[in-house]
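User: I have a structure open and would like to go through it step by step. Can you help me read it?

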Amino acid sequence: MSQDEMLRKRILRYLSGEMPSKEARAFEEEMLEDPFLSDAVEGLQQEASLPRLQAELAGVDLALKHKGGRKSRMPYYSIAAVFLLLIGTALVIRLRVQETKEASPLASEQVDPMENEKAVTSEAMPEVSKKTIIKDKSDNPSEEKSIDALDKIVMSEEAISDASSGASNLPIQQKALNKAPERQEELSFQTEELPGKVEDLLINPDVADQLLAWAESIKETPTNISSGKILETAVPEAETKKKTESGVRMPVASSTEATINSSGHYERRLISGLIREGKWKEADQAISRYVKTWPDDKSIYILKSGLELKQGNKTKAIHYLKSLKNTPYEKEAKEFEKKIGG
Amino acid sequence: MNFIGRPDKNRQNLSDESLIKLYQTSRDKELISELFCRYTTLVYGVCRKYLEDPDESKDAVLQIFEKLFVTLLKESPQVFRSWLYTVAKNHCLMELRKPGNIPLDQEIPEGIVESGEDSHPEKKEAMLQYLEQAQQNLPEGQSQCVRLFYLEEKSYKEIAEETGYSLNEIKSHIQNGKRNLKNQMEKGGYP
């Protein structure tokens, strides 16, 4: 408390009559010896109402702050920081809007297997530099438009850290997720342009939680992954099969090394947890990886819908629920559609 | 660096006079703000006493504050607090006397303020010793109030309850009684 604040408090206590006699007498003696204090107290005493006096003094403080500028003058670097923050926010918003506009709906299954192989190969190289990854991508201009610039950086960095650490300390499942082919990740689960509506803003958060709970409660394992052959190379068994059938030979790594204790069920719960924690970007990425790993498992749309709903995108949430048509989840999805549609 | 609204610890620890010296070399107005903020309540109280009106008093505080930026570039008061009291009082008197504007600088003879003169412990002790013998020579109200306040160490409120005087009367009796005693002491060869 400043010198002035303490004195003010004392004067107000004295004027209120709350001060014990001994203290009051000491204060009075002080006043007799200090004409400045004595005059001031005499002046302040003119206002009989203490709350009004306090308000008067607060008004003086405020006026001084405005005049003095001590507390209103903003250092240049503060202004610069605020400015940078604004620019940063604007950039992120712009990128997000762009992403939404350019995205195509759930494209994971349309990815060229050759691309997939290429990506996996480049991932498997021990020293992957940021430069090469970006270059690799830019070699295919036709796909560039769907690549979000921000994601590109983030993911390149992921690749670098993965390569440099050798991913040896990561849990197997996480390792597998990190090794998932990048391009596929970028292309998958991007949404088509959906008209935003005003009611998108009015979301019942309970419905989103119900959706998440539903997704968590689904016990089915999406594909026969319990053998644990998939995750080591991040090439889903289902995909491997498919690609083998189509004549493309996929690199299958030493599956025996992997002791898989995970399942789609576990994965879905993990994603659900991310959504609940508000880690939307991570959740979105995890969903993309899930789709790559188990492209045939539609239950993930429930989580995607929940994720959108949590973020206030009602229309998108309904869109993903609609994707559950002709699946065992169709009936419940329709109920949720109704709930969200209000 | 001083962020918005965050008081500078180093400045807070500087004496009034050091802040002024620093201001004279740096011309950093924040130093004057820091200085003036230490006395806002007192200055406002003085303005309120002389000008009575709250708005006029507030304006006067702001004007006094602004004057400091200029005045303190040239002047280095020995005791800023006493000096500020005189500046505040003179400003109010000038306001009351308007339009007879006299430049502020000429109005402040340094050291005119009777600040803390009586608070010197030896002088106070001498006065209290003298008080017991001399208080009878004072007019009744003064004698009574001085005795109750200084010798019996009662507060104004207690004196008011005992004597029936108003608080203002008590205050004035004590002030006048004290002044008379001082005069008597000086005449009687007391220090």
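Analyst: Start with a definition: helices (H or I, at least four residues) and strands (E, at least two) are DSSP runs, numbered from the N terminus. Read along the sequence, chain B follows the pattern α-α-α-α-α-α-α-α-α-α.

User: How many helices and strands are there in chain B?

Analyst: Chain B has 10 helices and 0 strands.

User: Where do these numbers and letters come from?

Analyst: This is a predicted model, in which local features need pLDDT of at least 70 and side-chain atom pairs count only at pLDDT 80 or more, while totals for chains, interfaces and linings use all residues. Residues are numbered from 1 along each chain as its sequence is written, and chains are lettered from A and ligands numbered from 1 in the order in which they are written.

User: What share of chain B counts as buried?

Analyst: Of its 191 residues, 32% count as buried. A residue is buried if 20 or more other C-beta atoms lie within 10 Å of its own, exposed if 12 or fewer, and partly exposed in between, with C-beta atoms placed from the backbone.

User: And what about contacts within chain B?

Analyst: Two residues are in contact if their C-beta atoms, placed from the backbone, lie within 7 Å. Among contacts in chain B between residues at least 6 apart in sequence, 56% join residues at least 24 apart.

User: Which residues touch the most other members in the largest nonpolar core?

Analyst: A nonpolar core is a set of buried Ala, Val, Leu, Ile, Met, Phe, Trp, Tyr and Cys residues joined through C-beta atoms within 7 Å. The largest has 41 residues, and those touching the most other members are Val43(B), Val46(B), Cys47(B), Val61(B), Ile64(B), Leu84(B) and Ala88(B).

User: Which helix gives the most to this core?

Analyst: H6(B) does, with 7 residues.

User: What does Val61(B) contact, leaving aside neighbours within four places in sequence?

Analyst: Val61(B) is in contact with Val60(A), Val43(B), Tyr44(B) and Cys47(B). Apart from this core lies another, of 30 residues, among them Leu212(A), Tyr301(A), Leu309(A) and Tyr329(A).

User: How many residues does each chain put into the contact between A and B?

Analyst: Chain A gives 38 residues and chain B gives 43 residues. By class, the side of chain A that touches chain B has 16 nonpolar, 9 polar and 13 charged residues. Here Ala, Val, Leu, Ile, Met, Phe, Trp, Tyr, Cys and Pro count as nonpolar, Asp, Glu, Lys and Arg as charged, and the others, Gly among them, as polar.

User: New topic. Where is Glu52(B), and what is its phi?

Analyst: Glu52(B) sits in the loop between H4 and H5 of chain B. Its phi is positive, about 70 degrees, although Glu52(B) is not a glycine. Glu52(B) is partly exposed because 13 other C-beta atoms lie within 10 Å.

User: And Glu153(B)?

Analyst: Its phi is near 55 degrees, a positive value in a residue other than glycine. Glu153(B) lies in the loop between H8 and helix H9 (156-163) of chain B.

User: Last one: where is Gly141(B), and why is it partly exposed?

Analyst: Gly141(B) lies in helix H8 (residues 140-151) of chain B. Gly141(B) has 17 other C-beta atoms within 10 Å, so it is partly exposed. Leaving aside its neighbours within four places in sequence, Gly141(B) contacts Tyr165(B) and His173(B). The C-alpha atoms of Gly141(B) and Glu169(B), 28 residues apart along the chain, are separated by 8.8 Å.
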